Amino acid sequence: MKHRITPIDRERVMREEDFIVSKTDAKGRITYANRIFMEFAGYSEPELLGGQHNIVRHPDMPRSVFKFMWETLQAGQEFFGYVKNMASDGSFYWVFANVTPTRNERGETVGYYSVRRKPRLDAVAAIAPVYAQMLAKEQQAGPKQAIAASRGILEHGFQSRGVTYEEFVLAL
Ligand SMILES: Cc1cc2nc3c(=O)[nH]c(=O)nc-3n(C[C@H](O)[C@H](O)[C@H](O)COP(=O)(O)O)c2cc1C
């Protein structure tokens with residue numbers, strides 16, 4: 001089911017002590033969400049379980065951030081990043097996310113686990129314009145070229161600060 005929610009300019013701000021936690025199966029379908037997840041996303045447990053994690057995807061997020069996330073996870077590594085999410089009422093909430101693959105004893109990925117905490121305000125202020133630039137590039141390039149077009153900004157967008165996205169994210 002495709003969700004048609006109109007984004008609204010209202011922010012939900014995480015509290016210092018909050019952790020938004022979810023687990024998915026290997027295909028990215030939600031198998032667990034904690035209460036704080038339900039509070040921020042504005043969905044009940046039955047609405048979340050079994051569904052895809054893009055239920056909270058915000059249209060302001062560039063596609064190549066998620067591409068980068070999935071590539072990182074599929075390479076068996078953990079992902080750290082800033083994500084703007086959308087709640088069921090269209091409001092948004094920024095998170096600092098860590099996503100890790102869960103492996104069985106044979107080393108096969110059987111699912112994913114994500115913990116998000118309140119992002120630093122200065123980090124969001126730095127990331128938001130970079131994401132906006134990436135999104136504009138993706139829209140200009142059209143769906144086929146979108147990811148290639150904006151990937152360069154993710155990789156080089158922090159050059160003026162002398163760091164990569166990963167270094168920027170992990171320095172906090
Ligand atoms: C454990 C886990 C947590 C995720 N958390 C989020 C999230 O908080 N927000 C989000 O937009 N996508 C999240 N994703 C990525 C989504 O599965 C999806 O790739 C993304 O929303 C892009 O949607 P699309 O593939 O429909 O373009 C998560 C994926 C996994 C495996």
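## Helix H3

H3 is followed by Gly76, whose phi is positive, near 85°. Helices here are DSSP runs of H or I with at least four residues, strands are runs of E with at least two, and both are numbered from the N terminus. This is a predicted model, in which local features need pLDDT of at least 70, side-chain atom pairs count only at pLDDT 80 or more, and totals for chains, interfaces and linings use all residues. Residues are numbered from 1 along each chain as its sequence is written.

With 12 residues, H3 reaches 17 Å from first C-alpha to last, close to the 16 Å expected at 1.5 Å a residue; the expected span is 1.5 Å times one less than the number of residues. Trp70 lies in H3. Trp70 is partly exposed because 13 other C-beta atoms lie within 10 Å (buried means 20 or more, exposed 12 or fewer, partly exposed in between, with C-beta atoms placed from the backbone).

## Strand pairing

S4 and S5 run antiparallel and are joined by eight bridges; strands pair if DSSP finds at least two bridges between them. Thr100 has Tyr113 in S5 as its bridge partner. Five residues separate S4 and S5 in their hairpin, and Gly107 in the turn has a positive phi of about 85°.

S1 and S5 are also antiparallel, with six bridges. Opposite Ile20 stands Arg116 in S5.

## Ligand shell

The ligand is surrounded by 17 residues, and the closest are His53, Asn54, Arg57, Tyr112 and Ser114. Strands S1, S3, S4 and S5 and helix H3 each supply at least two shell residues.

How values were computed. Near = placed C-beta within 6 Å.
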